[in-house]
Amino acid sequence: MKKQIEPHLKKYWDALKEVLDPEFPISVVDLGLIYDIQENRGTIDVTMTYTAVSCACTEWMEADIEKRLLLEPEVKKVNIHVVWDPPWTVEMMTREGIEKMKYWGVSVR
Amino acid sequence: MTQSAGLKSFIELLETIGDNKYVFGDKLVEVGVSGPNLEATLAAIAMAQGELGHSRLLYYWVFDLKGYEGKKPDVKGQTGKAFRGVENVHNWITLIAALYTVNTAIDLILNSILEANRSKVVSRVNKLMREQKEHILYSRGWAQHLLEDKGAIPRKFKEALREITPEVGAWLREIEQKSELFAEGYLAKESQLYSKFMEELKDVPVQVV
């Protein structure tokens, strides 16, 4: 899914490219789990989803996301908002994510 | 936090759904691990994780409605509202009968919740409902398969359906009697849950009540 990213928020999107899904070596950004990032006076609000409601790694991933964003010197607090609409589908993945899946032999159609 | 009559009933409704899904999570593993074939077993285990995830989402929703802030408490058990027919699941036949009827009823209720308040609840239930549709399709397929099987299986499956359906139907009728759910906009008016439920069950042609 193509997203329009505001220039001042790009660093946070780039930071989350370093946070990998615990079950697969693909970032949460390339998986298309991150729907939105906003920043306000050191507080980051991340709106995200998971591939399935039953994802067993939600707490782990949220902790990783928070930890990585807090490494940015100006970030004091991270709020994570989990939403289920629009529901995640493979169309949410970036081209890079799809290529990585193909490399690992996983169908993404 | 003061709860209105509608909110209390709505919380009870969500907990009932969550509890049934919580128990399904266990039953799909306990029974599903010795399913009739490998495909059935794998599907049951996958659906077990799905049902447990759905129950977590519903319990978290209840926590929000009760005013919890920050990290949600751990869910260590159901709240005691699961149906007797779900708790009594003990083999593949009773599992399929319960999974099909209960999830069909839950789907009707969630549709009514969505219809009543789409903008507020869609982000909570949209994905759950998509996943649940797959569980219903799967159990309906198995229901039809069991009815067309040989020997005692069709009879036993009909008995299982006759056992669980009245309990589920009674729950839907009870919900329809709770005017506060409709008056306070938690459920869509004219939802006709019970009649829709019986209509849905016609896909599995058994006289169940």
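In what order do the elements of chain B run from the N terminus on? The sequence of elements is α-α-α-α-α-α-α, and the secondary structure comes to seven helices and zero strands (DSSP runs numbered from the N terminus, with helices being H or I of at least four residues and strands E of at least two). The radius of gyration of chain B is 17 Å, close to the 17 Å given by the globule rule for 209 residues, so the chain is as compact as a globular protein of that length (radius over C-alpha atoms; rule, 2.2 Å times the number of residues to the power 0.38).

The model is predicted: local features need pLDDT of at least 70 and side-chain atom pairs pLDDT 80 or more, whereas totals for chains, interfaces and linings use all residues. Residues are numbered from 1 along each chain as its sequence is written, chains are lettered from A and ligands numbered from 1 in the order in which they are written, and side-chain values use heavy atoms, without hydrogens and water.

The C-alpha trace of chain B spans about 55 × 35 × 25 Å along its principal axes. Of the 209 residues, 54% count as buried (under 20% relative accessible area, 1.4 Å probe, protein chains only; exposed is over 50%, partly exposed in between).

B:H135 lies in helix α4, residues 92-147, and counts as buried at 7% relative accessibility. Contacts of B:H135 (heavy atoms within 4.5 Å) are formed with B:M47, B:G50, B:E51, B:H54 and B:N103, residues up to four places away in sequence not being counted. The side chains of B:H135 and B:E51 are joined by a polar contact of 2.7 Å (a pair of N or O atoms within 3.5 Å; within protein, one must be able to donate a hydrogen and the other to accept it, and residues adjacent in sequence count only if both atoms are side-chain atoms).
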